[in-house]
Amino acid sequence: MGDGGGRTPLIRKKAPSLLKTKPGTSIHLQAGKTRPPRYPWWLEAKFNDLALSQKNLAQKTRSSGQPEHLSVSKDGSGKFWITVEGTGKPFVREPFATPEFCYECAVEIEQAFEIAQVIDLWPTETMERIEEMVQVALERERVVRVWG
């Protein structure tokens with residue numbers, strides 16, 4: 001019985017497949033490679049939306065020109081406050097008697113924490129740690145005033 005009427009047998013080659021991800025785009029998969037797990041379209045859409053919103057927020061922050069640093073402000077009674085630069089909003093609850101110690105404390109806080117994130121989120125534990133740092137600076141200021 002030969003080869004079935006003079007026909008040559010077909011040799012099938014495993015062709016790479018195409019995986020559609022979004023309309024108009026595709027991923028070329030190589031034969032023999034495992035592909036990553038496929039996530040539901042709604043989960044991918046949420047992830048892409050989140051990434052886009054973070055990118056937009058970063059661009060908005062850069063373009064707004066609002067520096068997110070700490071500065072020293074003096075109120076009408078002659079006390080000095082650590083404030084958010086540009087807004088004048090007090091950053092901590094305790095005022096200083098001298099600008100030097102207020103500035104020193106602001107620099108220490110900026111070196112220890114990512115101020116932009118602290119201003120955005122106001123995390124409780126971080127704010128407690130910042131208040132402790134302010135209390136230490138206030139104590140140093142008090143000692144210098146008392147002992148000269």
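User: Why is Glu108 called partly exposed?

Analyst: Glu108 has a relative accessible area of 27%. Buried means under 20% and exposed over 50%, with partly exposed in between (1.4 Å probe, protein chains only), so Glu108 counts as partly exposed. The model is predicted: local features need pLDDT of at least 70 and side-chain atom pairs count only at pLDDT 80 or more, while totals for chains, interfaces and linings use all residues. Residues are numbered from 1 along each chain as its sequence is written, and side-chain values use heavy atoms, with hydrogens and water left out.

User: What makes the contact of Arg140 and Glu108 a salt bridge?

Analyst: A salt bridge needs a side-chain nitrogen of Lys or Arg within 4 Å of a carboxyl oxygen of Asp or Glu. For Arg140 and Glu108 the N to O distance is 3.1 Å, so the pair qualifies. Arg140 is in helix 4 and Glu108 in helix 2, 32 residues apart, and the pair links distant parts of the chain. Helices here are DSSP runs of H or I with at least four residues, strands are runs of E with at least two, and both are numbered from the N terminus.

User: Which residues are linked with Arg140 in a network of salt bridges?

Analyst: Glu104 and Glu108 are linked with Arg140 in the network. The closest N and O atoms of Arg140 and Glu104 are 3.8 Å apart, which is also within the cut-off, so this pair is a salt bridge as well. Because Arg140 lies in helix 4 and Glu104 in helix 2, the pair ties together parts that are 36 residues apart in sequence. Arg140, at 30% relative accessibility, is partly exposed, and Glu104, at 37%, is partly exposed too. The count for the structure comes to four salt bridges.

User: How do you know that Glu139 and Arg142 are separated by about one helical turn?

Analyst: Glu139 and Arg142 are three residues apart in helix 4. An α-helix has 3.6 residues a turn, so residues three or four places apart point the same way. The side chains of Glu139 and Arg142 meet in a salt bridge at 2.5 Å, N to O. Glu139 is partly exposed at 38%, and Arg142 is partly exposed at 39%.

User: How does the span of helix 4 compare with what is expected?

Analyst: The expected span is 1.5 Å times one less than the number of residues. Helix 4 has 24 residues and reaches 35 Å from its first C-alpha to its last, close to the expected 34 Å. Its buried residues, among them Met127, Ile130, Val134 and Leu138, pack against helix 2 and helix 3.

User: Why is the aromatic pair of Phe91 and Trp122 called tilted?

Analyst: Rings of Phe, Tyr and Trp (its six-membered ring) pair if their centres lie within 6.5 Å; planes under 30 degrees apart are stacked, over 60 edge-to-face, and the rest tilted. Phe91 and Trp122 are 5.4 Å centre to centre with 40 degrees between the planes, so the pair is tilted. The structure holds one aromatic pair. Phe91 lies in the loop between strand 4 and helix 2 and Trp122 in the loop between helix 3 and helix 4, so the pair ties together parts that are 31 residues apart in sequence.

User: Is Phe91 buried or exposed?

Analyst: Phe91 has a relative accessibility of 3%, so it counts as buried. Trp122 is partly exposed, with 29%. Phi of Trp122 is near 50 degrees, a positive value in a residue other than glycine.

User: Which residues of the largest nonpolar core touch the most other members?

Analyst: They are Ile82, Phe91, Phe96, Ile109, Ile130 and Val134, in a core of 21 residues. Such a core is a set of buried Ala, Val, Leu, Ile, Met, Phe, Trp, Tyr and Cys residues joined through side-chain atoms within 4.5 Å. Strand 4, helix 2, helix 3 and helix 4 each give two or more residues, and helix 4 has the largest share, six.

User: Which strand does strand 3 join, and how many bridges are there?

Analyst: Strand 3 (residues 70-74) joins strand 4 through five bridges, and the two run antiparallel. Two strands pair if DSSP finds at least two bridges, so these strands pair. Ser73 has Trp81 in strand 4 as its bridge partner.

Key: Contact = heavy atoms within 4.5 Å.
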